[in-house]
Amino acid sequence: RFPNLLVNGSQGIAVGMATNIPPHNLGEVIDATIHLIDHPAASVEDLMQFVKGPDFPTGGQIMGRAGILDAYRTGRGSVKLRAKAEIVDGPRGEQIVVSEVPYQTSVEQIEARAAELVNAREIEGIRAIRNESAKGVTRLVFDLKKDAPALVILNNLYKHTPMQSSFAVNAVALVDGVPRTLSLRDALVHYIAHQVEVITRRSEFRLARAAARAHIVEGLLRAIDMIDAIIATIRASDDKAAARAALMAEPFEFSEEQAEHILDMTLARLTRLGRTNLEEELAQLRATIAELEAILGDETVLRQVIKTEMSEIRDEFATPRRSPIGFDPGDLDVEDLID
């Protein structure tokens with residue numbers, strides 16, 4: 001019901017097929033899909049007004065937009081991720097407190113690597129490392145020695161431990177059974193085409209079911225008007241097959257399905273209440289049939305159904321972005337250097 005491949009990401013297709021699609025924000029992806037339905041000629045840049053970049057469940061900061069642009073334009077790119085860390089004043093001096101870690105790394109990995117570097121004297125100034133994570137809250141604390149350069153140590157941790165990592169985007173997906181590298185626009189175009197097919201098939205199935213039931217209800221309503229003649233005919237018949245044949249012949253002329261249901265009809269259906277219920281059901285079925293025929297007869301109405309259903313999912317489940325997109329000094333392009 002929503003673009004799952006982008007929202008939840010994916011890694012690897014069966015045997016020997018590499019793919020690496022990062023997770024995204026549900027609300028952003030649905031907004032982009034709705035925009036593409038309304039504006040089929042929208043470019044990757046237009047869609048990036050909605051999808052700012054990947055959004056990782058573990059948070060962390062995305063460094064720069066260059067890798068995201070490559071990934072969305074070509075299907076391949078590298079997204080640089082940093083842990084969320086701050087320098088705070090502790091009871092015995094400064095501390096570096098890590099509250100979010102990059103996607104697919106763990107506090108334990110960072111702690112173990114940092115301990116190795118401290119023991120090897122590659123990073124100086126760390127007095128103790130404590131993992132205080134509990135109940136789903138991430139907290140890794142580095143106690144610093146007195147007068148240790150906190151910012152230098154933090155930058156060393158980014159450089160030498162998994163506190164900074166790269167997510168190599170390789171957006172390969174099967175399109176009609178063939179693996180293809182997809183841009184952001186390609187992925188959403190194929191998703192919309194899939195939804196059009198799903199809604200069409202679903203509507204055809206529901207229409208056939210509603211039409212079949214309406215046919216039966218019409219027969220039952222007609223039967224109530226001539227019930228005495230029907231009962232006499234059934235009582236005069238030798239068996240059920242003969243009764244069915246008599247109901248399908250003149251003067252009744254019911255279809256086989258209607259005749260079968262009349263034979264199965266309970267005596268309670270002969271009451272006035274039974275007639276009222278049937279009339280209400282028939283009115284409801286006719287409204288449903290008209291609605292489904294409108295969906296199947298007009299692609300604009302069908303696409304509106306897709307938009308409405310996705311909007312409902314967005315309104316119920318969308319959450320704010322967890323991974324902010326920050327500045328990367330290596331990300332400057334020509335425009336940034338012009339006043």
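Buried means under 20% relative accessible area, exposed over 50%, and partly exposed in between (1.4 Å probe, protein chains only). This is a predicted model, where local features need pLDDT of at least 70, side-chain atom pairs count only at pLDDT 80 or more, and totals for chains, interfaces and linings use all residues. Residues are numbered from 1 along each chain as its sequence is written, and side-chain values use heavy atoms, without hydrogens and water.

**View 1. The D31–R314 salt bridge.** D31 and R314 form a salt bridge (side-chain nitrogen of Lys or Arg within 4 Å of a carboxyl oxygen of Asp or Glu), with the closest N and O atoms 2.7 Å apart. D31 sits in helix α2 (residues 26–38) and R314 in helix α12 (residues 299–317), so the pair ties together parts 283 residues apart in sequence. Helices are DSSP runs (H or I, at least four residues), numbered from the N terminus. D31 is partly exposed at 28% relative accessibility. R314 is also partly exposed, at 23%.

**View 2. The R286–E218 salt bridge.** The two side chains meet at 3.1 Å, N to O. R286 belongs to helix α11 (residues 272–297) and E218 to helix α7, so parts 68 residues apart in sequence are tied together.

**View 3. The largest nonpolar core.** A nonpolar core is a set of buried Ala, Val, Leu, Ile, Met, Phe, Trp, Tyr and Cys residues joined through side-chain atoms within 4.5 Å. The largest has 63 residues; Y72, L184, L188 and F254 have the most contacts inside it. Helix α7 (residues 184–225) supplies the largest share, 16 residues. Another core, of 20 residues, lies apart from it and includes I96 and L144.

Conventions. Helices (H or I, at least four residues) and strands (E, at least two) are DSSP runs, numbered from the N terminus.
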